[in-house]
Amino acid sequence: MLTANTALLREDDDALVDIRDYVAGQENKGLLRFLTCGSVDDGKSTLIGRLLFDTKLIFEDQLAALENDSRKHGTAGDEIDFALLVDGLEAEREQGITIDVAYRFFSTPRRKFIVADTPGHEQYTRNMATGASTADVAIVLVDARQGILPQTRRHSMIASLLGIRHIVLAVNKIDLVSFDEAVFERIAAEYRAFAEELGFTTIQPIPMSARYGDNVIRSSGKTPWYDGPSLLEHLETVDIEAEAEGKPFRFPVQYVSRPNLDFRGFSGTVAAGSIGVGERVTVAKSGKQTRIRRIVTQDGDLDVASEGQAVTLLLEDEVELSRGNMLVTPEARPHVADQFSATLVWFDEKPLLPGRSYILRTETDEVSATVSQLKHRRNINNFAEEAATSLDLNEVGLCNFSTQAPIAFDAFSDNRTTGAFILIDRLTNATVGAGMIQRPLRRAANIHWQALDVTRQSRAELKHQKPAVLWFTGLSGSGKSTIASLLEKKLHAAGRHTYVLDGDNVRHGLNRDLGFTDEDRVENIRRVAETAKLMADAGLIVLVSFISPFRAERRMARELMSEGEFVEVFVDTPFEECARRDPKGLYAKALNGEIQNFTGVDSPYETPERADIHIETTARAPEELVDEIEAWLKERGHC
Amino acid sequence: MPAALTHLDRLEAEAIHIFREVAATFSKPVMLYSVGKDSSVLMHLAMKAFYPAKPPFPFLHVDTTWKFREMIEFRDRMAREKGFELLVHVNEEGVRDGINPFDHGSNTHTHVMKTVALRQALDKYGFDAAFGGARRDEEKSRAKERIFSFRSAGHGWDPKNQRPEMWKIYNTRVAQGESIRVFPLSNWTEQDIWQYILQENIPIVPLYFAARRPVVDRGGMTIMVDDDRMRLQPGEKVEERLVRFRTLGCYPLTGAIPSTAATLEEIVGEMLTARTSERQGRLIDRDEAGSMEKKKREGYF
């Protein structure tokens, strides 16, 4: 398809080059992935359109369609609007903006390129991050008339966080400032000054007019004062190879292949380094050692597998190994920990809440995780560290993480593949954040779980009961505490060992430092759930009486407990009835605006979707309801 | 140290990684098999990904009943030779209503026999992930699509609200009824496809090679008369010409190009000097502006 390459083919058709040789030459070219970013209207899409056009990569029918579209949607007057080549969604063409990242492909005699054209609007930052996560070079565009804008800084910071080490500062629309060298130098100097702490290896400023092609693929006569490379010359020569070399062997296990009893293969892609048949490897999480027996591919066994290859490994010994674990070199093992610090970029409209349980996914592993501490948020303008209790959409912060099981990882600065993760919301399954791991926390390294001889089962047997956590949720004043207290009396009289954890009481002690913001409510529940878990472990039937308004936290509590141990009891009383009862006079105050963040008034209550026990208090007396719960427990052998 | 990986080696490894990721995380995947060259490459990669085992999912062909006869023969031969499980789905309601590209136009025909048929098949078997051979270089709305592309319970695509896709960490979680379309060839170009077919000697439908075929000129395209359902319009004349196809679909909607390229080498040579895109030969993409995005939002691949 490349007319740019036709020069390599001899004109004479009979002498049709040895195509196989030609193809081999094509394939040995290096690949460079880059993105264009920067603020809205700085000309990102136009630049890519120009690159494709000038490297002759636009087909005739595409050009005809583009001319047609330019007349309909174009913003370049009678001329061709190159942005329409990449803005492929209807909404984008109608609004003249880029919403999501578009990938385009081109090649020159020296390199192949994959370009990610990313949106400039702040609200679409996560799409910019998507494009940046796989790129080697970022072209940061700046409108020469506007200079450096907040989005220039934000995108540069995200590029830096995601591990991009090479920046092209494209000072675009230089034609609109009369090709003025002083403007160019001022912007370049300002950029270098603020980018100093972002750790880029190279920053190449280029004065440019994407619309007219100045300094895009060849040097422009209109900027005689500029003696640097054109954009394309720079992209063809910038050295990115050095980064991948010399890293220790890492093989995240993706899939276990067992076609028959004699074959147990571990499939995956080598994330770093290389390994040969007969060499020793260590299972990251267990520390068990073995050797490589075979490296299997359909094209025949290999002697060595190295970074980027998708292979299937057979091992000498039967070791415990499955998806989520890693095979690594014994000389340099990764960290294995359940607590670590990481930089987090937040992608969701709903803010990050420390203490809330999210799903954390690395390339192949998946665990429950919470942010145990939000250390600080980064200000995108001056990169300063600021105190914060949550992260909003597009914000960046440094967090301590705690996972339910240990994961194997490297620092992101050492390895972009094994040091990264995403966070997923448990209810919506949305990808809500991206993390770059800094380091394991010391306390995780030193505190090991103590396996004790007296087990939870033996403790429960001594009490002749099956432990349970009855989680009473409902509005304030719905009758949770009344019912829990009545039930405890009854169970106690029957010789059962119980304990009631009451929302109000716990706030006088364990949780006295917490308020009623969303973040504090989440932490409040987390502590109570952990306490209930310890009590259940001790063999008790625990009655938790807590408003616990959010589904996510109730689900988190459920997942903390053993299977069948958590019993969600929805104490269902309509808001009007609770407000009428108002045993503590709180509704009157909240409705008067004297109390903030009151559940049901100005803070939401998320109704349980599938409570284990659902009781409606307006229909029956508390005693009847307690009998019903007791019968439920008896049926399942708890008492 | 072994020789550095070539560009095609990297594309191959990326696709294999994607195949394995789906097999490891979804409960009921399927591969959409359209019998074209991209499907041939996809099948070849699926075989590699799970070797020595067979791919742990069936292949699904949505048959509009208007495919070239040679495609159907090729499909059945591949299923026999490679030993994969082949499911064929036809929208029987569409057949009963006599939907065809001549009377109902390409839009309605494609919607009923392809998009609706695909949705029927996915619902019937309850697949939660479906591989497709779409590439980002094919078309502008495809250039915007994720490798793991989320679909609502109604199979709809919401291009303005796609999940971020960071590194090679794919979010494979879906709720009941929702699904993910997976595109292992996202980063391949048409040129890569042909060069890979050449390198790996992958079997493809003979229609891709030049041969003398009976054709008529219609609406600026060269249409092959594949069976006697093709109705000639006044003034149309069937001629034998040396042609081949760059893409394959329903025969009344797919344009042939004049060509003498009868070997893979000659096809790649022809590709290198092509002046028009492969989709030019597809009537359905030209019907209206933004037509691909619209079809995709409705559930088309």
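**View 1. Where domain 1 of chain B meets domain 2 of chain B.** In this predicted model, 24 residues of domain 1 of chain B are in contact with 22 residues of domain 2 of chain B; two residues count as in contact if their C-beta atoms, placed from the backbone, lie within 7 Å. On the domain 1 side, the elements giving two or more residues are helices H2 (37-50), H3 (69-82), H5 (101-125), H6 (190-200) and H8 (291-298) of chain B. Helices (H or I, at least four residues) and strands (E, at least two) are DSSP runs, numbered from the N terminus. That side divides into nine nonpolar, eight polar and seven charged residues. Here Ala, Val, Leu, Ile, Met, Phe, Trp, Tyr, Cys and Pro count as nonpolar, Asp, Glu, Lys and Arg as charged, and the others, Gly among them, as polar. Domain 1 covers 7-192 + 290-298 and domain 2 covers 201-285, with bounds from an automatic or database domain assignment.

As for conventions, residues are numbered from 1 along each chain as its sequence is written, while chains are lettered from A and ligands numbered from 1 in the order in which they are written. Because the model is predicted, local features need pLDDT of at least 70 and side-chain atom pairs count only at pLDDT 80 or more, whereas totals for chains, interfaces and linings use all residues.

**View 2. Helix H1 of chain B packed on H2(B).** H1(B), residues 7-25, meets H2(B) at an angle of about 70 degrees, and their axes are 9 Å apart. Axes are lines fitted to C-alpha atoms, for helices over the stretch in contact, and angles run from 0 to 180 degrees between N-to-C directions. The angle makes H1(B) roughly perpendicular to H2(B), a term for 65 to 115 degrees. Glu12(B), Ala15(B), Ile16(B), Phe19(B) and Arg20(B) of H1(B) make the contact with Leu45(B), Ala46(B), Lys48(B) and Ala49(B) of H2(B). Six of these residues are nonpolar, none polar and three charged.

**View 3. An open sheet in chain A.** Seven strands line up in the order S7-S15-S11-S12-S14-S9-S8, with antiparallel pairing; two strands pair if DSSP finds at least two bridges between them. S7 (250-252) and S8 (255-260) of chain A stand at the edges with a single partner strand each, so one side of each is left without a neighbour in the sheet. Inspect S9(A), residues 263-269, and S14(A), residues 310-315, which pair over four bridges. Ser267(A) stands opposite Thr312(A) in S14(A).

**View 4. Chain B against chain A.** This contact takes 58 residues from chain B and 65 from chain A. H1(B) gives the largest share of the chain B side, ten residues.

Definitions and conventions
Angles under 35 degrees count as roughly parallel, over 145 as roughly antiparallel, 65 to 115 as roughly perpendicular and the rest as oblique.
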